[in-house]
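Open your viewer and get ready to colour by chain. We will walk along the place where two chains meet, one selection at a time.

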Protein chains: 2
Amino acid sequence: MQSELRKKLLDVFSNSQDEYLSGQHLADLIGCSRTAVWKHMEELRKEGFELEAVRRKGYRITRTPERVTADEISLGLMTEFMGRHIHYEESVESTQKIAQRLVYEEAPEGTIIIAEEQLSGRGRMDRKWYSPKYTGIWLSMILRPNLPPPKAPQLTLITAVAVVQAIEEMTNLTPQIKWPNDILLNGKKVTGILTELQADADRIKSIIIGIGINVNQQVEDYPEELQPIATSLSIECNQQLKRAELVQILLLKFEKLYTLYLEKGFYPLKLLWESYAISIGRNITARTVTGSLYGKAMGITDDGVLLIEDSAGKVHQVYSADIELEN
Amino acid sequence: MQSELRKKLLDVFSNSQDEYLSGQHLADLIGCSRTAVWKHMEELRKEGFELEAVRRKGYRITRTPERVTADEISLGLMTEFMGRHIHYEESVESTQKIAQRLVYEEAPEGTIIIAEEQLSGRGRMDRKWYSPKYTGIWLSMILRPNLPPPKAPQLTLITAVAVVQAIEEMTNLTPQIKWPNDILLNGKKVTGILTELQADADRIKSIIIGIGINVNQQVEDYPEELQPIATSLSIECNQQLKRAELVQILLLKFEKLYTLYLEKGFYPLKLLWESYAISIGRNITARTVTGSLYGKAMGITDDGVLLIEDSAGKVHQVYSADIELEN
């Protein structure tokens with residue numbers, strides 16, 4: 001119901017040619033109360049619409065938020081194959097779910113799925129990923145590398161490097177990677193990466209890499225419980241960024257790294273990854289399904305496994321865990 | 001077109017109440033030549049229909065082939081969850097492909113997909129799997145174990161044990177397992193297993209296990225190039241078998257082994273697997289993507305990896321290969 005009213009509201013403004021529209025007039029036209037109109041206008045403001053509200057005249061929309069449509073991304077895209085097929089949606093449950101369907105329908109390598117908003121975006125361990133409208137990059141990429149399944153985690157690590165490089169180029173900020181797939185600015189999470197694999201025993205059939213980047217959110221946009229642990233590029237660099245441009249840079253960086261990886265193997269990528277990794281050489285606690293492990297992070301193996309040396313000097317291999325850094 | 005005629009032909013016989021129907025009469029009714037009628041009748045005979053052809057009277061169908069419909073399988077099925085959702089089709093491209101769609105649509109654990117015929121069934125390495133109509137079991141099972149992705153190969157091994165046990169119970173034959181997923185009778189292939197994994201970095205989301213069992217084919221049903229390497233249960237035990245019953249036994253055996261595995265881990269299953277494995281302790285050649293390795297098969301690891309000791313005493317881990325046994 002709400003989105004129906006919202007659509008009517010935007011239609012009315014689209015047809016009003018920059019005129020001011022009074023709250024009562026809007027309420028009559030779309031069939032709701034003046035209070036409801038006011039509430040919708042506030043929500044539009046949060047989504048990046050710029051509004052003017054003038055007494056006795058009414059409301060006017062002076063700027064609409066920038067979008068990440070297929071056209072916005074394609075214009076100026078420098079890649080060979082990444083993002084050459086774009087599936088764009090205004091609002092989705094999750095881009096990963098759509099990617100799964102497109103994989104089933106034989107979508108080619110490099111296909112991306114991008115949305116302005118995810119209603120039930122997910123991160124690792126099925127945790128919620130907050131993906132509000134027009135403010136971030138909610139993206140899934142489809143890859144079809146001819147590799148054995150144990151190599152799949154390497155692609156998560158390569159993606160992390162691509163995201164870091166894209167953020168560096170776009171903002172001059174230098175993010176850090178927390179194993180396996182968190183990207184941090186000032187210790188707060190700015191990006192999450194989720195890799196989904198489809199494979200038989202011998203070969204990867206497809207990989208879907210989901211990337212969520214917080215771009216233009218402001219601190220007050222976050223639910224209170226997320227404020228201490230989440231941030232956005234805009235919060236950290238004090239400016240609004242053009243999301244479509246960041247997507248273009250990200251796709252190009254990823255394509256270069258991925259091509260290098262397929263040609264030269266994981267070693268050069270591993271060096272790059274380690275150069276951005278926050279945890280290497282530090283004492284950390286790794287919380288796994290079976291318990292906690294405390295020790296010094298030594299590095300990663302070629303399989304993307306984290307190596308932790310405990311106080312007795314024994315080196316443990318950690319496949320899946322949440323990492324906490326010692327201050 | 002052909003299947004349209006076939007359908008008409010079977011309809012005519014269904015409505016004829018055991019009467020004999022002449023070739024000319026059939027040709028007139030379904031709108032084709034008498035030669036075409038004769039060709040169709042021969043094909044029906046190959047598919048397991050029993051026909052009587054009497055001079056001056058015509059044709060009569062005396063027995064139709066047994067089927068593996070949801071009803072045939074459900075009646076008498078002793079399982080808790082395996083096969084409690086059955087998706088049956090007369091003819092499909094491949095049951096794996098349908099399973100992929102059902103996984104996407106959130107089909108529950110234990111769902112099976114079964115067809116009388118696969119038009120493009122596949123085995124490992126995308127090799128063709130010959131799946132002619134009404135003669136074999138062409139089946140995919142959907143599982144959703146809460147396990148990390150590296151455990152997936154164990155499920156292929158467990159499935160092999162379940163198939164061997166089901167064949168033992170049904171026929172008193174004792175098949176052997178050739179690592180990783182071939183089941184042999186007298187050195188010829190009677191079953192293939194194909195495991196497809198969908199996972200994120202931490203957890204298996206679904207596994208689709210495809211099983212192809214040659215049941216009622218006769219030697220002459222096979223293309224010449226397959227005759228030296230493929231066999232069927234019927235060829236080996238000299239009788240026709242009820243496929244639906246074999247499916248029921250297989251599902252029950254699998255469910256018991258799978259439940260044991262989830263409760264007790266892989267160790268008891270590994271012992272069972274090794275007890276049926278033909279290659280353990282013998283000299284073999286393993287052909288991998290990168291080359292060949294000759295040595296003695298020592299066993300498998302908990303990850304389902306094959307261990308081969310070469311002549312210098314070095315033990316190699318083989319993740320994916322074709323195995324050839326030394327005579």
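Here is the tour, beginning with a word on the model.

This is a predicted model, in which local features need pLDDT of at least 70, side-chain atom pairs count only at pLDDT 80 or more, and totals for chains, interfaces and linings use all residues. Residues are numbered from 1 along each chain as its sequence is written, chains are lettered from A and ligands numbered from 1 in the order in which they are written, and side-chain values use heavy atoms, with hydrogens and water left out.

**Stop 1: both chains.** Select the contact residues (heavy atoms within 4.5 Å): 18 residues of chain B touch 18 residues of chain A. Together the chains bury about 1,900 Å², with 44% coming from carbon and sulfur atoms; buried area is the accessible area (1.4 Å probe) that two parts lose on being put together, summed over both. Now pick Lys97(B), Tyr104(B) and Asp202(B), which supply 31% of the area that chain B buries against chain A, more than any other three residues.

**Stop 2: the paired strands.** Show E8 (188-200) in chain A and E8(B); they run antiparallel, joined by five bridges. Strands here are DSSP runs of at least two residues, numbered from the N terminus, and two strands pair if DSSP finds at least two bridges between them. Within this pairing, Glu196(A) stands opposite Asp200(B).

**Stop 3: a salt bridge.** The term means a side-chain nitrogen of Lys or Arg within 4 Å of a carboxyl oxygen of Asp or Glu, and the count between the two chains is four.

Note on methods:
Helices (H or I, at least four residues) and strands (E, at least two) are DSSP runs, numbered from the N terminus.
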